[in-house]
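Colleague: I would like to learn how to read a model of this kind feature by feature. Could we take each general idea and then its case here?

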Amino acid sequence: MPFPPDPALAPLAELARRARPLRVPAGTRLFEAGQPCPGFPIVDAGCVRVSLASPDGRQMELYRVEPGEVCVVSATCLFAHRVATAQGEARTETALRLVSPADFEAVCERDPLLRRYVMGLMAERLADLMALVEAVAFQRLDQRLAALLGARGPRLAATHQQLADELGTVREIVSRLLRRFERDGLVRLGRERIEVVDAAGLQRVCAGASVV
C-alpha cells in the first residue's frame, strides 16, 4: 500500500479495504467537471491527470495524482458535498481503488486523525496550485516552458499538444517556442520526443532571458 507505514494511520488501511479495485487504460476519464464525484481514489500504480477545460477545448493541467498522493478535487467535493470542479483522466494505465462517497465520509467522521492527514495532504497540494497560479499570472510562457523541460528532462516523451495542455496554452505557441529553443541549441526535437541539450541555457531562460 502506498501510504506511510504509521500505525496511527490505520484508518487509511480501512479506507483501502472498503474500496473497489479498478484498472483502467490511459485516457480513461475518471471524473468530470460539474458532475458528482464518484468516490475517493487511492492510486496504487500509474498516474491521474487533473485539469481544467475551457469552452474552446483547451486544457490546463492542475496537478497529477500518483501513488501515495491525494486528489484535492475529489476530497474537496466529498467533504463539501459539491460537484467536481475539474476533470480527472488516467494519464497512463492506472491501478487504483475507489472508496465510495458514503464510506469515505463514514471513516473520516469516525477518525479525526484521518481527517487531519487528508487535510494536510490537501494543504500541500494547495501550495502547489498557488505556485501554478503565480506562474500563470506573472511568468512569461517561455520561462514556464523552459522550467517544465528542465524538470522533466533530459528526455521527454511528449507531444507539443500535451505540453500546451500542461501550460494552459495552444499548441502553435508551444511549437514556436520549441523551435526557437532548438535554434538556440537548448533542445533537440524529434517525433513526440524532446531532448534537453543545454540544461544551463534553459535555466537562463527561466531566469528571464527572453527567446520571444
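Colleague: Which residue takes a positive phi in the hairpin of β9 and β10?

Modeller: In this predicted model, strands are DSSP runs (E, at least two residues) and helices are runs of H or I with at least four residues, both numbered from the N terminus. Two strands pair if DSSP finds at least two bridges between them. The hairpin of β9 and β10 has two residues between its strands, and E192 is the residue with a positive phi, near 50 degrees. Strand β9 (residues 187-190) pairs with β10 in the antiparallel sense over four bridges, and L189 stands opposite I194 in β10.

Colleague: What should I keep in mind about numbering and confidence?

Modeller: Residues are numbered from 1 along each chain as its sequence is written, and side-chain values use heavy atoms, with hydrogens and water left out. Because the model is predicted, local features need pLDDT of at least 70 and side-chain atom pairs count only at pLDDT 80 or more, whereas totals for chains, interfaces and linings use all residues. The pLDDT is the predictor's confidence in each residue, from 0 to 100; the chain has a mean of 84, and 90% of its residues reach 70 or more. Over residues 1-6 the pLDDT is below 50, and this stretch has 14 contacts (heavy atoms within 4.5 Å) in the model beyond near neighbours in sequence.

Colleague: What is the strand order in the open sheet of four strands?

Modeller: The order is β2-β6-β4-β5, with antiparallel pairing. The edge strands, each pairing on one side only, are β2 (29-31) and β5 (59-65). Strand β2 and β6 (residues 87-90) pair over two bridges in the antiparallel sense, and R29 stands opposite E89 in β6.

Colleague: Which residues touch the most other members of the largest nonpolar core?

Modeller: In soluble globular proteins, nonpolar side chains tend to be buried together. Buried here means under 20% relative accessible area, with exposed over 50% and partly exposed in between (1.4 Å probe, protein chains only). A nonpolar core is a set of buried Ala, Val, Leu, Ile, Met, Phe, Trp, Tyr and Cys residues joined through side-chain atoms within 4.5 Å. The largest one has 31 residues, of which F40, V50, Y63 and V73 touch the most other members. Helix α4 gives the most to this core, with six residues. Leaving aside neighbours within four places in sequence, F40 is in contact with V70, A75, L78, R97, L98, V99 and F104. Apart from that core lies another of 19 residues, among them L156, L167, L177 and L202.

Colleague: Which residues of helix α6 are buried, and what covers them?

Modeller: In α6 (residues 160-167), L163, A164, D165, E166 and L167 are buried. Their cover includes β4 (48-53), β5, α5 (141-152), β8 (155-156), α7 (171-183) and β10 (193-196). After α6 comes G168, with a positive phi near 70 degrees. Helix α2 (residues 72-80) has V72, V73, S74, A75, C77 and L78 as its buried residues, and H81, which follows α2, has a positive phi near 55 degrees.
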